[in-house]
Protein chains: 6
Amino acid sequence: MVDITHKQNTLRTAVAQAIVEVSSPDTIMAILEKKVPKGDVYEMSRAAGLLGVKKTADLLPDCHPLPIEYTDIQYEINGLQIRILITVKTNYKTGVEVEAMHGASIVALNMYDMLKPIDKGVEIRNIKLLKKTGGKSDIDHSQTG
Amino acid sequence: MVDITHKQNTLRTAVAQAIVEVSSPDTIMAILEKKVPKGDVYEMSRAAGLLGVKKTADLLPDCHPLPIEYTDIQYEINGLQIRILITVKTNYKTGVEVEAMHGASIVALNMYDMLKPIDKGVEIRNIKLLKKTGGKSDIDHSQTG
Amino acid sequence: MVDITHKQNTLRTAVAQAIVEVSSPDTIMAILEKKVPKGDVYEMSRAAGLLGVKKTADLLPDCHPLPIEYTDIQYEINGLQIRILITVKTNYKTGVEVEAMHGASIVALNMYDMLKPIDKGVEIRNIKLLKKTGGKSDIDHSQTG
Amino acid sequence: MVDITHKQNTLRTAVAQAIVEVSSPDTIMAILEKKVPKGDVYEMSRAAGLLGVKKTADLLPDCHPLPIEYTDIQYEINGLQIRILITVKTNYKTGVEVEAMHGASIVALNMYDMLKPIDKGVEIRNIKLLKKTGGKSDIDHSQTG
Amino acid sequence: MVDITHKQNTLRTAVAQAIVEVSSPDTIMAILEKKVPKGDVYEMSRAAGLLGVKKTADLLPDCHPLPIEYTDIQYEINGLQIRILITVKTNYKTGVEVEAMHGASIVALNMYDMLKPIDKGVEIRNIKLLKKTGGKSDIDHSQTG
Amino acid sequence: MVDITHKQNTLRTAVAQAIVEVSSPDTIMAILEKKVPKGDVYEMSRAAGLLGVKKTADLLPDCHPLPIEYTDIQYEINGLQIRILITVKTNYKTGVEVEAMHGASIVALNMYDMLKPIDKGVEIRNIKLLKKTGGKSDIDHSQTG
């Protein structure tokens, strides 16, 4: 684990995405009309993602535990793809990129789990960091995502 | 949560993949030669994945807790891509597809976390179920992956 | 911890309740119209409760870990009270009463947490077992609740 | 999750209660004389409550993880009721009300779990916040509890 | 993780020990007279150990999750040493040796944590398996411990 | 739980050890040559230990949750003994001694778990604090270990 004892707290933000691709427009409609038998896919997956962000350091050995001060989860539909956008913020000595990516993956996996009974062709595509600020260098991949 | 009280135990297997794509052959060499500063990427990520499979029901609200009886994690390199192949087995009333996909995602995220200091362009691509047996219907996407 | 090595699996069910009492009809309306700033109170609390049921043995020292095979969470409104009804089932050597009550308490606490910014007078009342079947003796308090 | 990145640390305290009501004075005596077969009800439940307070953000999606700097758990007997009083303190950007209430509920549930074999009529009543200091406004319900 | 899908459930038991050695008879007296400032050392450590046994598969990557059907924790004092004896039982495809040893280590660590303010010389000695039954071969080191 | 609300953050370090004793030089060779069937013992156990340090406050009731800012795990072989040396650092109001000792015990238990199939005589000896700095008084037992 990287030694961060000498570092200062600064505001860190990270935005990550995950793409869930379904195999039929009916699946998209079922989500939007809240007719998926397991429940409200967006809300349940948001709850899972909020908890997942906070558990990142429990699952990844080298991740520093850190105070999650903000998490936001949004959904965008593009054809058969649902794009999950997750923003995480902290004031700490190290960034929240992996936390944001972990949250995005948990939201995507929960959508997969809830959609499995009605769509056998769901896949998760392209979990990536879109943007980060704070720390030594900022990154912005959001125009190329 | 789906009611499985009336179902019988049968042998269930699932194989899932995740693809980690790095931005340079140097990153692949660093992994293989065990020169990544954070440690042995394959072994640490395998440990994270073994634990991650077991924590699936802790993270996804509708997942049934179940006895994980076998997990295996393999790596394949194709150019700049590392393909993670994970197999999970149980004898239970419901399958282990989501557990395999969750394990694959945790392995991939841990690789991302360990590689981040040496490669800013790592992405996770295409987490998907390749194969499952047991349950009402078998699935085999392994030829089309 | 009670020794259950000699016991047989039987179908066990438990129904528990928790009552959340708010201080104004506006709070009830905000929940029903999904206008609570923190999000959809019913769905987020359901997600928390589904996870909470599965974590009971992690929190209570003497509880046996057991396979949760079904959980259902319903809400009923009576004036300023929201009654949470939770049903849990398993086929195991011991019952799921405490799991149902723990789930009910987590749903109630999550409602409290989400409603706190808009209603300072929320209280949790009367977490109790309504009914259990399976095991040595059945219990039915559901007519007296 | 509410954005607290701009807030300052201040000392926050919260006092919450839960009431456990048993159905017979024999149950109260068994607790006080440490004759409950599952063990010392007060001490085991205190241990569960101390751990429970720390796990609040693991169970409730919108709760910020925060450094618990003090927890104290006391018991008061009034007839057939045991009143659990729990105090939690932190220096942080947000309060510990929900942490105190979660801790109180875990203490109460553990008492229920340990007493179940000797008293089938145990109920949990009235989990509520009694007092909080720090933050925008103090609350004191302790005279009306 | 070893593949146990083909194995049959049998009754498995394991007994493990840990030794906590203190530096003064005053520490032993403080424990027995329940005068340790942090609380009742035996009962709090028993609670931690009961929970710890159940969390073994969460901490050790290759451990199979399994149904803990019985745990018992006893203490024996010999001079400056406190011997923790822990028994774990299950009916499952694999044994509970590591679960018993993990429980013993958590009890010992909790005693260390609670005694630290009054005795700077506490050490943990000799965590070992004393006995196991069930499985391919029984082991009995209890006469040589 | 000790009240630390009034304390100041200072740099705290702790070094702890655990000794794993095997029964044959073949076991040592199998570890070093990475021929243990369950996998790479050093790397898997390091991963378990890094995670274990972070989970200390989840397992021990009186431990304060705190930001782990550095963890390092080293191995030394002396005959049939493997000495695990673990260093933990934080800037916080209380020390990381128990965190270091817990990490050491988890590394040792994981080695036991992985070696069990090839060596029935593995024991864990002497988990102890070697050194701490920060806080009211420094301790240095490292010359007497």
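Leaving aside neighbours within four places in sequence, Ala108(E) is in contact with Ala18(E), Val20(E), Ile84(E) and Ile124(E). This is a predicted model, so please hear everything that follows as computed from a prediction. Ala108(E) sits in helix α4 of chain E, residues 97–115. Is Ala108(E) buried or exposed? Its relative accessibility is 0%, and therefore Ala108(E) counts as buried; the cut-off for that label is under 20%. For a sense of distance, take His64(E): 44 residues separate it from Ala108(E) in sequence, and the two C-alpha atoms are 23 Å apart in space.

Next, the contact between chain E and chain B. Chain E puts in 16 residues and chain B 14 residues. In chain E, the residues that lose the most area to chain B are Met1(E), Thr5(E) and Pro61(E), which together make up 46% of what that side buries. The two chains bury about 1200 Å² between them, with 56% of it on carbon and sulfur atoms.

On the polar side, 11 residue pairs are in polar contact between chain E and chain B, counting pairs with both residues at pLDDT 80 or more. The count of salt bridges between these chains is two. One of them joins the side chains of Glu69(B) and Lys93(E), at 3.1 Å from N to O. Which element gives the largest share of the side of chain E that touches chain B? That is helix α3 of chain E, residues 56–59, with three residues. Sorted by class, that side of chain E has 10 nonpolar, two polar and four charged residues.

Last, a helix in chain C. Helix α1 of chain C covers residues 25–32, and its buried residues are Thr27(C), Ile28(C), Ala30(C) and Ile31(C). Why do they line one face of the helix? Viewed down the axis of α1(C), the buried residues fall within an arc of 160°, so they share one face. As background, an α-helix has 3.6 residues a turn, so residues three or four places apart point the same way.

What do the buried residues of α1(C) pack against? Their partners, also in chain C, are α2 (41–54), β2 (70–78), β3 (81–92) and α4 (97–115). On the face turned away from the buried side, α1(C) carries the exposed residues Pro25(C) and Asp26(C).

After the helix comes Lys34(C), with a positive phi near 55°.

Note on methods: Residues numbered from 1 in each chain as written. Chains lettered and ligands numbered in written order. Predicted model: local features only at pLDDT ≥ 70, side-chain atom pairs only at ≥ 80, totals over all residues. Heavy atoms only, no water. Buried < 20%, exposed > 50% of the residue type's maximum accessible area, 1.4 Å probe, protein only. Helix = DSSP H or I, 4+ residues; strand = E, 2+ residues; numbered from the N terminus. Arc of directions from axis to C-beta. Contact = heavy atoms within 4.5 Å. Buried area = accessible area lost by both parts, 1.4 Å probe. Salt bridge = Lys/Arg side-chain N within 4 Å of Asp/Glu carboxyl O. Polar contact = N/O pair within 3.5 Å; in protein donor to acceptor, adjacent residues only side chain to side chain. Nonpolar A, V, L, I, M, F, W, Y, C, P; charged D, E, K, R; others polar.
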